[in-house]
Amino acid sequence: MISIEEAQSRIFALKGPVETELMPLTDAAGRWAAEDVIALRTQPARDLSAMDGYAIRFADKGGPWKVIGESAAGKRFSGTVGAGEAVRIFTGAVVPEGADTVIIQENVARDGDAITLSGDVPKKAGANVRHAGGDFIEGKIVISKGAELHARHIALAAMAGHGALRVARKLRIALVSTGDELVTPGLPCADDQIPSSNGFMLAAMLRHLPADISEFPAVEDKLDALTALFRDLSEHDIIVTTGGASVGDHDLIVPALKAAGGKLDFWKIAMRPGKPVIAGSIGNAIALGLPGNPVSAFVTATLFLKPLIAHLCGAAQPLPTRLKAKTGVELAQNGERTDHLRARLIDGVLHPVGINDSAMLAALSEANALIIRDPNAAMANARSEVLYYPLGS
Ligand SMILES: Nc1nc2c(c(=O)[nH]1)N[C@H]1C(S)=C(S)[C@@H](COP(=O)(O)OP(=O)(O)OC[C@H]3O[C@@H](n4cnc5c(N)ncnc54)[C@H](O)[C@@H]3O)O[C@H]1N2
Ligand code: MOO
């Protein structure tokens, strides 16, 4: 058995990021920047007013002033503000030549072209002015290669002058559930059968990731059928199987991968749940065999499949976020495998939900966090800090 960290780096080493394409901003969210994004313009391009009021010289801060024109957003005043002069100005408008300060309109009284101070004097030169280049300067890297593109990055790229961003192309992923006992959810299910929940769970986990997912009907535990499937799917970027990963007579993923001409990289990770993970390659594809137990499939997809997708899409930080919080109860000393305790984070404190069986979905659904227990971790007192993966609510 290898450690989780070694498994992650070996899976990433199977293949590098895929080819890239230029993506319009509207479709770039949720991807990762394939190159540094450089500002094509300076923002603000000129000194702009942050408020509605009057542009003045700070030297004249006590007033009175004569209004000599107007500067609005998109329609700047082309003259120069001299001593004792002011220009009516609006939020987002260019501060005219000669002026260095904006006094807000609430602090002056206007009578025709004349304004006088009626409130506070501006505190300093430059008050209510956003200076040119205060946000970013042309030529600066505003988004680093490998950064995940959230809505706020899309806005920044747009402001920096880009209409499209270079990102990894969409991945092609095949999801295959294996097992003679599997029944399509919603159809009658005999007592020795089980609804095939894993494919639906994985599709839901990957829904917002940049991948075209092909889902296949459950495949029987037959070497020929599984071998043919590996061959047929080898043009995908990733083939994900669930089930058949263990050592029983009907666990055929490893033999099928080999029979199809694929290569096994490793099998079994020192973790719970999820020990019998399989990683290898066949043709163009990375083969990732996840255990059949639903909670094992969920945890291993969280730790290996989603990070692999992020890695192939060029993410600088493909691994899931780990956070720290206090545990509400004492945690027993851990055994040899990294454990992932189902827990609920309530008001910043982690409460284990109790059942940690790798087949129990009700307990998993109650959880919104997985407490990480390192191999051989000592007992942790209640209120001590522990690491966890947030699962979303
Ligand atoms: N002698 C040993 N037995 C087992 C070991 C071991 O080391 N030695 N490891 C155990 C561990 S840990 C796990 S995890 C499981 C993994 O088993 P498989 O990956 O081979 O999965 P299956 O046997 O096919 O199924 C396990 C369990 O999950 C149900 N299942 C399978 N597919 C689905 C699906 N698509 N949706 C919902 N549920 C599914 C299946 O019916 C079984 O109940 O092996 C242990 N055994
Ligand atoms: O490692 Mo298995 O996933 O505990 O049941």
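Select Asp-237 first. Asp-237 is buried, at a relative accessible area of 0% (buried is under 20%, exposed over 50%, partly exposed in between; 1.4 Å probe, protein chains only). This is a predicted model, where local features need pLDDT of at least 70, side-chain atom pairs count only at pLDDT 80 or more, and totals for chains, interfaces and linings use all residues. Residues are numbered from 1 along each chain as its sequence is written, and side-chain values use heavy atoms, without hydrogens or water.

Asp-237 and Arg-169 form a salt bridge, with the closest N and O atoms 2.9 Å apart (a Lys or Arg side-chain nitrogen within 4 Å of an Asp or Glu carboxyl oxygen). Asp-237 sits in the loop between helix H5 (223–232) and strand S17 (238–242), and Arg-169 in the loop between strands S12 (164–168) and S13 (171–178), 68 residues away. Helices (H or I, at least four residues) and strands (E, at least two) are DSSP runs, numbered from the N terminus. Arg-169 also counts as buried, at 16%.

Step to Lys-170 and select Asp-212 with it. Their side chains meet in a salt bridge of 3.6 Å, N to O. Asp-212 lies in strand S16 (residues 211–219) and Lys-170 in the S12–S13 loop, so the pair ties together parts 42 residues apart in sequence. Asp-212 is partly exposed at 41%; Lys-170 is partly exposed at 38%. Show Lys-15 and Glu-19 too: salt bridges with shared partners join them with Arg-169 and Asp-237 into one network.

Last stop: Glu-97 and Arg-46. These side chains form a salt bridge at 3.6 Å, N to O. Glu-97 is partly exposed at 48%, and Arg-46 is partly exposed at 33%. The whole structure holds 11 salt bridges.

Conventions: Chains are lettered from A and ligands numbered from 1 in the order in which they are written.
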